Amino acid sequence: MIINSLMGPLISAGIIGVGKELPEKAVSNQDIVDMGLDTSDEWISERTGIKNRYIADENTSSVDLAEIAAKRAIENAGINVTDLDGIIVSTTTPDHLMFPSAACLLQSRIGARNIFALDVSAACTGFNYAISTGSQFVRTGQMKNVLVVAVDCLSKFVDWTDRAVCPLFGDGAGAVVLSEVKEGYGVLTVDLSSDGRYGDILKVQAGGSRQPMNQNGFDNKEYLIQMAGRAVFKTAVSKLVPSISAVLEKYELSVEEIGTFVFHQANIRIIEFVKDKLGIADDQLYTNIHKYGNTSSASIPIVLDDKKSSFKEGELVMLIGFGAGFAWGVNIVKWGGRL
Ligand code: UT7
């Protein structure tokens, strides 16, 4: 009998609420020049598309940002926190290195009790991995409402004297509530991938079990982000073009049938390269990297929040994540379908 209850029909799982939070402090490109770095607004804007980013102050953590984004998504969904069955937090900058998890801390902060709480670590592809995981629980009827929050405070892990890295990143959180939607709506596809052979091109060397933090690691700044920018750029475009094409082919969709392509906001040139290769039209693309910089896994749900009032009912939205690991992933969401 119990077994039968686990084997009901599959349920359509979709996004019923969205929210975001950015730290208060805005840092413009000129502010970075004024810090004494050998760079310019022109270089950063032209090479990355970034004009501004928000940076968490020393008293603000990932869970602080996640809490506000989560509350906004829950309110936007029109449910109560007590209606949640699970919380998934995508982050590589949890409040604590090992434990407790960010998801457990968030559970307590928003007043949810005794529910599933899980951190997902897939760097900038984390939102794709997290909604893919969360939507499976809704789809199989194991959970009714799952909160997914993607949050990162990478500014706390960049060398603020390294002009090649520090201008790229901003902090932020984006959140969605996943729940049952009308049949055929919601998270339609899950195509996630990884290739760990590229692990070295974007990494934090020290602080883990391979190289626990010590004075040497601290002196050599090995607890901060190390990035081979050009290699990351090349790997991203080489993985994304065939992956997106393969997903479209697999589900027998044309580029024109996708209403909006939402890319991880890492570099406007990566996005435009892929856009041109695939023949994506200007009005199928929405970018906000100029406002927020690269907020890692938060960037896709932050775009969803910025654009939520203009998505059309039934529009196909493609979510494209990529980043450290190397990991990448594509989800197609049919927007709306609220029951
Ligand atoms: O979520 C994934 C996270 N990471 C990424 O997405 C990064 C992907 N990569 C990129 O976005 C680009 O590779 C960067 C923006 C990081 C760099 O742009 P690039 O066009 O690939 O420049 P480059 O690394 O080839 O450097 C070109 C020059 C170098 O000077 P030399 O060697 O030609 O004299 C750099 O030292 O630009 C120099 N440079 C800068 N100059 C002024 C690097 N950063 C800066 C800077 N301002 N901020």
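Guide: The model is predicted. With those names in hand, start at the loop between α8 and β12, where Glu252 is found. Helix α8 covers residues 229-250, strand β12 covers residues 260-263, and Glu256 lies in the loop between them. Glu252 has a positive phi of about 55°, although Glu252 is not a glycine. Is Glu252 buried or exposed? Glu252 is exposed, because its relative accessible area is 71% and the cut-off for exposed is over 50%. Glu256 also counts as exposed, at 61% relative accessibility. Glu256 and Gln284 are 28 residues apart along the chain, and their C-alpha atoms are separated by 8.3 Å.

Ser296 is not a glycine, yet Ser296 has a positive phi of about 55°. The place of Ser296 is in the loop between α10 (289-292) and α11. Ser296 is buried, with a relative accessible area of 2%, whereas Glu252 is exposed.

Loops also hold the next two cases, which concern peptide bonds. The bond from Phe99 to Pro100 is cis, with omega near 5°. Pro100 sits in the loop between β4 (86-90) and α5. Gly325 and Phe326 are joined by a cis peptide bond too, with omega about -5°. Phe326 is placed in the loop between β13 and β14.

Phe311 is buried, at a relative accessible area of 8%. Trp335 counts as buried as well, at 11% relative accessibility. Phe326 and Trp328 form a tilted pair, 6.3 Å centre to centre and 45° between the planes. Phe326 counts as buried at 1% relative accessibility, and Trp328 counts as buried at 9%.

Charged side chains come next. The structure holds 16 salt bridges. Arg109 and Asp64 meet through their side chains in one of them, at 2.9 Å from N to O. This pair links distant parts of the chain, because Arg109 is in helix α5 (residues 102-110) and Asp64 is in helix α4 (residues 62-77), 45 residues apart. Arg109 counts as partly exposed at 35% relative accessibility, and Asp64 is partly exposed at 22%. Arg197 forms a salt bridge with Asp195, and the closest N and O atoms are 2.7 Å apart. Here Arg197 counts as exposed, at 72% relative accessibility, but Asp195 is buried, at 11%. The side chains of Asp305 and Lys308 meet in a salt bridge, 2.7 Å from N to O. Asp305 counts as buried at 11% relative accessibility, whereas Lys308 is partly exposed at 27%. Asp305 and Lys308 belong to a network of salt bridges that also links Lys20, Lys291 and Asp306.

The domain assignment gives domain 1 (2-181) and domain 2 (191-334). Their C-alpha centres lie 14 Å apart. In domain 1, 47 residues are in contact with 42 residues of domain 2. The two domains bury about 3300 Å² between them, and 62% of that area is on carbon and sulfur atoms. Lys20, Cys124 and Asn128 supply 17% of the area that domain 1 buries against domain 2, more than any other three residues. How many salt bridges does the rule find across the interface of domain 1 and domain 2? There are three.

Methods:
Residues are numbered from 1 along each chain as its sequence is written. This is a predicted model: local features need pLDDT of at least 70, side-chain atom pairs count only at pLDDT 80 or more; totals for chains, interfaces and linings use all residues. Side-chain values use heavy atoms; hydrogens and water are left out. Buried means under 20% relative accessible area, exposed over 50%, partly exposed in between (1.4 Å probe, protein chains only). Rings of Phe, Tyr and Trp (its six-membered ring) pair if their centres lie within 6.5 Å; planes under 30 degrees apart count as stacked, over 60 as edge-to-face and the rest as tilted. Domain bounds come from an automatic or database domain assignment. Contact means heavy atoms within 4.5 Å. Buried area is the accessible area (1.4 Å probe) that two parts lose on being put together, summed over both. A salt bridge is a side-chain nitrogen of Lys or Arg within 4 Å of a carboxyl oxygen of Asp or Glu. Helices (H or I, at least four residues) and strands (E, at least two) are DSSP runs, numbered from the N terminus.
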